[in-house]
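Here is a friendly tour of the model on your screen. Keep the viewer open and follow along as we go from the whole chain to single residues.

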Amino acid sequence: MPDASMAAPVTVGAPADPLDVALRIARSLAPVDNVLEAVRGDSLLSERWHDHGTASGFAGLALLFGCFDQCREDEGWDRSAHEHLSVAVEAAQRVPYLPPGLSSGMAGLGFVALSLAGKNKRYGSGRRYGRLRGTIDGRLAEYVAAWIDRPEAGGDSRRSLDVITGVAGISAYLVCRPEADALASLRGPLLTRLAAHLNEGHLPLRPRSDATDCGLAHGLPGLVSALALARLRGIAVANSGAALRTGTAWLLDRQVTDRWGANWPMDDSAPQAAGSAPPTHAAWCYGAPGVTRSLLLAGRALADPAMVHTALNAIEAIRRRPDRQRRLVTPTFCHGEAGLAHLFHRTAVETGIKVFAAEARRLHQRLAGSFDPLARFGYRAVQARGALVDSPGLLDGAAGVAAVLLSAAVNDAPDWDRLFLVR
């Protein structure tokens, strides 16, 4: 995570149209060679980039272009999506081992291929990339079946649960699949095993502290969101109700407060007390925004008005918290302003709460106004010690900003954010 003390805050320029800025970003990302030149020319970026990845790779860019194609047909975005997905698949075929997870593995490629499978007028729904999806699904089914039988086979089971690389993220793909096949039949057992981890107290650990992780990206909120989203989509999961109540109770017990309201630390390594909230990013990956999203989804899944009310109060605390106290130093999705803007936007769409909609618009305008024409892709990600990189990626780069601004600008927003267990 970047150190807020080492980087300048996001700058804001003249008012700009979010859709226009999103299109400018997408056009700069469309040439594969432009992306490759940026990645190969920056050692900081190349360390995190995987050509086959969704979080930081060409599969994620293919997902972005598929979203543009859904919103703006006949502009050639389907060709860009296909080209970038082809690069990702070719890269995946070259790696010695393709992991199963969402960010740079089989589940991520499957999610993107499903998203591009034919949602526009030129193709019948779900008919594209059938062979690719069949190959991915077959290999993923083997992993999922093995994990259900022996979770420790995937390494330390308490570190194989998260959204980014683990089974909570894999579930994001499984619950979206319409097929009734071998992989779909494993969906319920996988989530049942995930529920058992929550009920039995086998919780995701944060590697740096070896304490239970409180972030949506790598921690317990990801498990809660995975189970809640499955329940909201009518997927039967044994003991999911009890697991959701166990998980949300754990999160509420770790809540800390500051002068604006509820907040959450990165893990539970420090004693919690009123007024002792540690400095925490107000982001998707760690901090109150991701945690409150999981609480809100759980409240809806359980049809629990009190839990929904608690989550909305915590989101209101985020809204009241001044920008500087949110400790966001990058414009990107994972731990920056784009992710926060999108979570306010989704909450406003679902609840109709006007102050959340107004905050989303304010943040969208800040993002659009901070477009930098001197940056290769319009935005630079802030890395460790304040280093700026021209990251093209979806999770922590310009593509994620484009996806957020596109969603803000269109009425029927594409569902790319299912990748990050937002809905």
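Helices (H or I, at least four residues) and strands (E, at least two) are DSSP runs, numbered from the N terminus. By that rule, Ala303 sits in the loop between α13 and α14 (305–320). This is a predicted model, in which local features need pLDDT of at least 70 and side-chain atom pairs count only at pLDDT 80 or more, while totals for chains, interfaces and linings use all residues. Residues are numbered from 1 along each chain as its sequence is written, and side-chain values use heavy atoms, with hydrogens and water left out.

**The whole chain**

- The chain's secondary structure amounts to 18 helices and 6 strands.
- For 423 residues, a compact globule would have a radius of gyration near 22 Å, and the chain agrees with its 20 Å. This radius is taken over C-alpha atoms, and the globule rule is 2.2 Å times the number of residues to the power 0.38.
- Along the principal axes, the C-alpha atoms fill a box of roughly 50 × 50 × 40 Å.
- Of the 423 residues, 61% count as buried. Buried means under 20% relative accessible area, exposed over 50%, and partly exposed in between (1.4 Å probe, protein chains only).
- Contact means heavy atoms within 4.5 Å. Among contacts between residues at least 6 apart in sequence, 66% join residues at least 24 apart.
- The accessible surface is about 16,300 Å², and 50% of it belongs to carbon and sulfur atoms. These areas come from the Shrake-Rupley method with a 1.4 Å probe; for residues, only the protein chains shown count as cover.
- There are 46 positive and 42 negative side chains, with the centres of the two sets 4 Å apart. Lys and Arg count as positive and Asp and Glu as negative, while His and the chain ends are not counted. Each charge is placed at NZ of Lys, CZ of Arg, CG of Asp or CD of Glu.

**Two helices in detail**

- Helix α17 (residues 354–369) has 16 residues, which at 1.5 Å a residue should span 22 Å; its end C-alpha atoms are 22 Å apart, in agreement. The expected span is 1.5 Å times one less than the number of residues.
- The buried residues of α17 include Phe356, Leu363, His364, Arg366 and Leu367. Their cover includes α1 (18–29), α14, α15 (323–326), α16 (337–351) and α18.
- Buried in α12 are several residues, among them Ser240, Leu244, Thr248, Trp250 and Leu251. The buried residues of this helix pack against α10 (187–200), β2 (211–212), α11 (220–232), α13 and α14.

**Around α13**

- Thr292 belongs to helix α13 (residues 288–301) and counts as buried because its relative accessibility is 1%.
- Leaving out residues up to four places away in sequence, Thr292 touches Trp264, Ala311, Ala314, Ile315 and Ile318.
- Ala303, by contrast, is exposed, because its relative accessible area is 64%.

**Positive phi angles**

- Most residues other than glycine have a negative phi.
- Ala303 is not a glycine, yet its phi is positive at about 55°.
- Leu421, also not a glycine, has a positive phi of about 55°. Leu421 lies in the segment after α18 (398–409) and, at 1% relative accessibility, counts as buried.

**Buried residues and their partners**

- Ala172 is in helix α8 (residues 167–174) and is buried at 5% relative accessibility. Neighbours within four places aside, Ala172 contacts Leu102, Phe111, Arg418, Leu419 and Leu421.
- Leu102 occupies the loop between α5 and α6 (106–115) and is buried, with a relative accessible area of 3%. Beyond four places in sequence, the contacts of Leu102 include Thr54, Val163, Ile164, Ala172 and Leu419.
- The C-alpha atoms of Leu102 and Ser171 are 9.0 Å apart, although 69 residues separate them along the chain.
- Ala81, in helix α5 (residues 77–94), is buried, with a relative accessible area of 3%. Apart from residues up to four places away, Ala81 touches Ala62, Phe65, Gly66 and Leu116.
- The C-alpha atoms of Ala81 and Ala357, 276 residues apart along the chain, lie 31 Å from each other.
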